[in-house]
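Welcome to this short tour. Open your viewer, keep the selection tool at hand, and follow along stop by stop.

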Amino acid sequence: MGKRDDRLADLEARLRFFEEIGADFLFKSPPAPAKPSVPSILDLPPARRGPAEIHAEVLACRKCGLAKGRTQAVPGEGNPAAELMFVGEGPGHDEDVQGRPFVGRAGQLLTRIITAMGYERSMVFIANIVKCRPPDNRVPHQDEVAACSPFLLEQIAAIRPRIIVTLGKSATDFFVPSVRGMTERRGQFQEWHGLLVMPTFHPSYLVRNEGNQGLKKMVWDDMKQVMAKLGRT
Ligand code: SF4
């Protein structure tokens, strides 16, 4: 297959995805750009170091028990000056093997969502609350979150994104704890240290419920709110 055919196949795949998730804005006249209303200054301590130094420390870290079962730590990746950050719970099997966040089936879906939003994956920053894979993909324990989350906080302080999208309950609870389930909490911006957090479903939940177009539509509605805040619609 030539380069042109590759490009056409890619375009067709993207259009199919847009149709599937109801990305209706693509087929309508674009509305006037929304005025971004996101606070630009975070109420967080200034970063002591950049994402690259944090990355190196994470790779060598053995501060909690998750170090024992990992293949390698997964520090996170992306643009060190990203306006948009995605945060999940922790690495899964594929991420543990490859040392990169969100690269399995759920990660591929996340990448498609990011692309549909008009970004390249490298334009955003993707990270997790804990940087090493919990055994059997269990929810990280409190002591593990306590040991690891300073890395994430440092990443946020260094990157200073304008919006954080939290993927699933664990990530959402880290920023804005609540007893309410994700169905009630998704799609509503929350404020955290002067920046906006948008809770949405974890892509692995969408993968597990593949036939449920309603779930995909909900996530896309949440992302449309993020795009509007960032002036990208
Ligand atoms: Fe260190 Fe975090 Fe891995 Fe625990 S999960 S060993 S704190 S990098």
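Begin by selecting β4, residues 163-167. Five of the five residues of this strand are buried, so β4 is largely enclosed by the rest of the structure. Buried means under 20% relative accessible area, exposed means over 50%, and partly exposed is in between (1.4 Å probe, protein chains only). Strands (E, at least two residues) and helices (H or I, at least four) are DSSP runs, numbered from the N terminus.

Before moving on, a word about what is on screen. This is a predicted model, in which local features need pLDDT of at least 70, side-chain atom pairs count only at pLDDT 80 or more, and totals for chains, interfaces and linings use all residues. Residues are numbered from 1 along each chain as its sequence is written, and side-chain values use heavy atoms, with hydrogens and water left out.

**Stop 1: the sheet**

Show the side chains of β4. Ile163, Val165 and Leu167 point one way, while Ile164 and Thr166 point the other way. Two strands pair if DSSP finds at least two bridges between them.

What joins β4 to β6? Five bridges do, and the two strands run parallel. Select Ile163 and look for Leu196, its bridge partner in β6; then select Leu167, which stands opposite Thr200.

On the β2 side, β2 and β4 pair in the parallel sense over four bridges. Phe86 has Val165 in β4 as its bridge partner.

**Stop 2: the cores**

In soluble globular proteins, nonpolar side chains tend to be buried together. A nonpolar core is a set of buried Ala, Val, Leu, Ile, Met, Phe, Trp, Tyr and Cys residues joined through side-chain atoms within 4.5 Å. The largest one here has 29 residues, and those with the most contacts inside it are Leu84, Phe86, Met117, Val165, Met223 and Val226. A second, separate core of 26 residues includes Val130, Leu152, Ile156 and Ala171.

Go back to Leu84. Leaving aside neighbours within four places in sequence, its contacts (heavy atoms within 4.5 Å) include Met117, Tyr119, Val165 and Val226.

**Stop 3: the salt bridges**

How many salt bridges does the structure hold? There are 14, each a side-chain nitrogen of Lys or Arg within 4 Å of a carboxyl oxygen of Asp or Glu. Select Glu154 and Arg48, whose side chains meet at 3.4 Å, N to O. Glu154 lies in helix α6 and Arg48 in the loop between α1 and α2, so the pair ties together parts that are 106 residues apart in sequence. Glu154 counts as buried at 14% relative accessibility, whereas Arg48 is exposed at 68%.

Asp173 is partly exposed at 23%, while Arg185 is buried at 2%.
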